[in-house]
Amino acid sequence: MKTFKIGGVHPEEHKLTANKPITQIPLPAQVSIPLSQSLGAPSKLIVEKGAQVKTGQLIAQGESFISANVHSSVSGKIVRIEEVTDASGYRKPAVIIEVEGDEWEESIDRSPNVVTEIALTKDEIIARIKSHGVVGLGGATFPTHVKLMVPPDKKAELLIINGVECEPYLTADHRVMLEKGEEVVTGVRILMKALGVDKAAIGIENNKPDAIAHLQKLSANYPGISVVPLKMKYPQGGEKQLIKAVTGKEVPSGKLPADTGCVVNNIGTALAVYEAVQKNKPLIDRVVTVTGESLTNPSNFMVRIGTSVDYLINQAGGLPTDTGKVISGGPMMGKALTTIDSPVVKGTSGILLMSEKKSRRVVVQNCIRCARCISVCPMGLQPVFLAQYSEHQMFEEAEKANIMDCMECGSCQFTCPAGRPLLDYVRLGKNTVGTIIRNRVKK
Amino acid sequence: MNTTILYAILTLSLLGVFSAVILYFIAQKFKVIEDPRVDIITGLLPGANCGGCGYAGCHALAETIVKTEDISNHKCPVGGNDTMKQIAKALGLEAKETEPQIAVVRCNGSRVNAPSKILYNGAASCTIAHSLSAGETGCPYGCLGEGDCVKVCLFDAIYMDHEAALPRVIEDKCVACGACVTACPRSIIQLRNKGVKGRRVYVSCINKEKRGTARKNCNVPCIGCGKCVKECPFDAITLQDNLAYIDFNKCKLCRKCVTVCPTGAILEVNFPPRKEKSDSTETIASAETV
């Protein structure tokens, strides 16, 4: 079975919610929709305090090249425009809407039937994806319409769909593949048309045999689409690792996937693309896995963007008394929240309630020169030295040692027997070297 | 004598002479001609190589001074005015007298004033903690207490008061080299004049949030009310972005602003204790000095 060759680790799966179907929950009383929910510049607000909005209405416009539109996920009145604490730990501007009923924009098709015929042209598809605020739902939230506009000097030949979900605990993508398989396959076909490719490969890890079988059946009528089972390994969901696993090609250092002819999109993004193009529905909700060993009702909820994490935890049975950390995302790359009043945003794939015992870091000791971090790094880097360079302000050496190639997966820190905070220092080094490089280019 | 030994001695001696000649010519060809004054000036400098003057070590500063024949823009914070006077005398130049300065930590969000709402359990670095969240207190401008400033000090002049979770500057060790100023990711530490008799008055806060938000996380923030600006008889205080700033060049140490500040954000250092009736809302507003 295929997988990527260099590095990788095997954290325990903890897929507690793999068999829990996607559940609708009642609408909350209030939502807080941040204006910055994608990579790139924050979007510009186009509505005012006091305005009545409908579900699916555009409330903020992306202005720069890399930015995305933001839509209201509920109907009601905008009561405040203020700052809320998001997963970054800092306060960012957001629109607070008091929910009144659930009135949708008339142009959105809410019927449940799956529309498989693709009526729009390639350019219309990309324009629709842009106007409906679709961003990468794998976690990076890169605006999808920008990813689909491959630069003229590169050619896209293969669309790879990321159904890997390698993070422990998270099962949102798994349930989407099982319960909305037809929509997903149609979304894949739409993406193929937008890119102008006739081949697509859906990568799924072999801990999800039901999803593999289901999508193989649904894609049987479309010869260009193949399902590729992959041997379980973290971080197979990283796009460079996925490309290597599926095609055997390696993305050169500093280059993009398009340089190998591949474009990678998440399964959730494929579903969002289907809804935008076939049902005219902007990105206003997503599946969020709320999980943790001490939760009474761990589930996969269909959540409106802007719902508070607090509300979701209550829907899952309430905050367990032994909770140490509330993590947005998975235990490997997720962010520990500083307050459960934070809203769910487009990039929130899961909420993990980790027990106090598991949350504490181990005591940091000296490096024992075991080189395990080097053997697990999926990008072939040397985390022990990168972390050392960053800690001792040797940024020139860090740049030469390819620190900018680090994808921040955390495999090094996960493996280190001395409990050293390798990823923390490498991230610090990356931020500083990134600034140095940007200032260099400016001159 | 045995001819083998004789030949061995001769060969080695010739090799030695040959190497010496080569080395002599190479030494002459690649000789670095340096103004002898550079070495004299380097000798006058303290030799700490701290970088506080802005140059890569004492020798580099000496080189620049001798090359430009000008010391008006240079200052050795470790040697201070005495060293600059000596250098000026050695080169036949005029030395400028400058005020001695000291690092001042403009945050008083101790564990009592700004209690922790969450626990940061990550890598012990302020820069890393700063990139992850506003911090344990919730104030996005406040001190994080992990000690990046302490790590960079070459003069042992700053230490972490772990009970308060704030750094404390040791007055007679700090040479105002500026290393801690650069190290702090939130620019909480500033260089200010040591002041007459070591006395200074400063706003111990850099929070730019509106008054309500600032008070949520701390008891002694600057809320930008502007009372100090109105009170100051010397126009030394300016208000910008909900934050007051005392210009230490204009401040005459009258301490009227300290009395009038409603939150106790303005601190006075090294003054004799005041004879005043005790205030029931006494906050922990006086900075500890060592």
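Me: Two strands count as paired when DSSP finds at least two bridges between them. In this predicted model, what makes β4(A) and strand β7 of chain A a pair?
Reply: The two strands are joined by 2 bridges and run antiparallel.

Me: How is the open sheet of 6 strands in chain A arranged?
Reply: Its order is β1-β14-β13-β17-β15-β16, and the pairing is mixed. Here β1 (22-24) and β16 (335-336) of chain A are at the edges; each has a single partner strand, so one side of each lacks a neighbour in the sheet.

Me: How do you know that β15 and β17 of chain A pair?
Reply: Strand β15 (residues 323-328) and strand β17 (residues 350-355) of chain A are joined by 5 bridges and run antiparallel. The definition asks for at least two bridges, and therefore the strands pair. A:Val326 has A:Leu353 in β17(A) as its bridge partner.

Me: Is A:Ile59 buried or exposed, and how do you know?
Reply: A residue is called buried if 20 or more other C-beta atoms lie within 10 Å of its own. A:Ile59 has 21 such atoms within 10 Å, so A:Ile59 is buried. This residue is found in strand β5 (residues 58-61) of chain A.

Me: Which residues does A:Ile59 touch, if those up to four places away in sequence are not counted?
Reply: Among them are A:Ile33, A:Leu45, A:Val53, A:Val70 and A:Val95. Contact requires C-beta atoms within 7 Å.

Me: What makes helix α11 of chain A mostly covered?
Reply: Of the 9 residues in α11 (residues 383-391), 8 are buried. Including A:Val384, A:Leu386 and A:Tyr389, the buried residues of α11(A) pack against α10 (372-376), α12 (395-400), α13 (411-415) and α14 (422-442) of chain A. The helix is followed by A:Gln393, whose phi is positive, near 60 degrees.

Me: Which residues have the most contacts inside the largest nonpolar core?
Reply: They are A:Ile160, A:Val188, A:Val273 and A:Leu312, in a core of 186 residues. Leaving aside neighbours within four places in sequence, the contacts of A:Leu312 include A:Val288, A:Phe301, A:Val344 and A:Ile351. In soluble globular proteins, nonpolar side chains tend to be buried together.

Me: Why is chain A described as being as compact as a globular protein of its length?
Reply: Chain A has 14 helices and 17 strands. Its radius of gyration is 21 Å, close to the 22 Å that the globule rule gives for 443 residues, so chain A is as compact as a globular protein of that length. Along the principal axes, the C-alpha atoms of chain A fill a box of roughly 60 × 50 × 50 Å. Buried residues make up 52% of the chain.

Me: How many residues of chain A and of chain B are in contact?
Reply: 10 residues of chain A are in contact with 12 residues of chain B. The chain A side divides into 4 nonpolar, 3 polar and 3 charged residues.

Definitions and conventions
Residues are numbered from 1 along each chain as its sequence is written. Chains are lettered from A and ligands numbered from 1 in the order in which they are written. This is a predicted model: local features need pLDDT of at least 70, side-chain atom pairs count only at pLDDT 80 or more; totals for chains, interfaces and linings use all residues. Two residues are in contact if their C-beta atoms, placed from the backbone, lie within 7 Å. Ala, Val, Leu, Ile, Met, Phe, Trp, Tyr, Cys and Pro count as nonpolar, Asp, Glu, Lys and Arg as charged, and the others, Gly among them, as polar. A nonpolar core is a set of buried Ala, Val, Leu, Ile, Met, Phe, Trp, Tyr and Cys residues joined through C-beta atoms within 7 Å. A residue is buried if 20 or more other C-beta atoms lie within 10 Å of its own, exposed if 12 or fewer, and partly exposed in between; C-beta atoms are placed from the backbone. Helices (H or I, at least four residues) and strands (E, at least two) are DSSP runs, numbered from the N terminus. The radius of gyration is taken over C-alpha atoms; the globule rule is 2.2 Å times the number of residues to the power 0.38.
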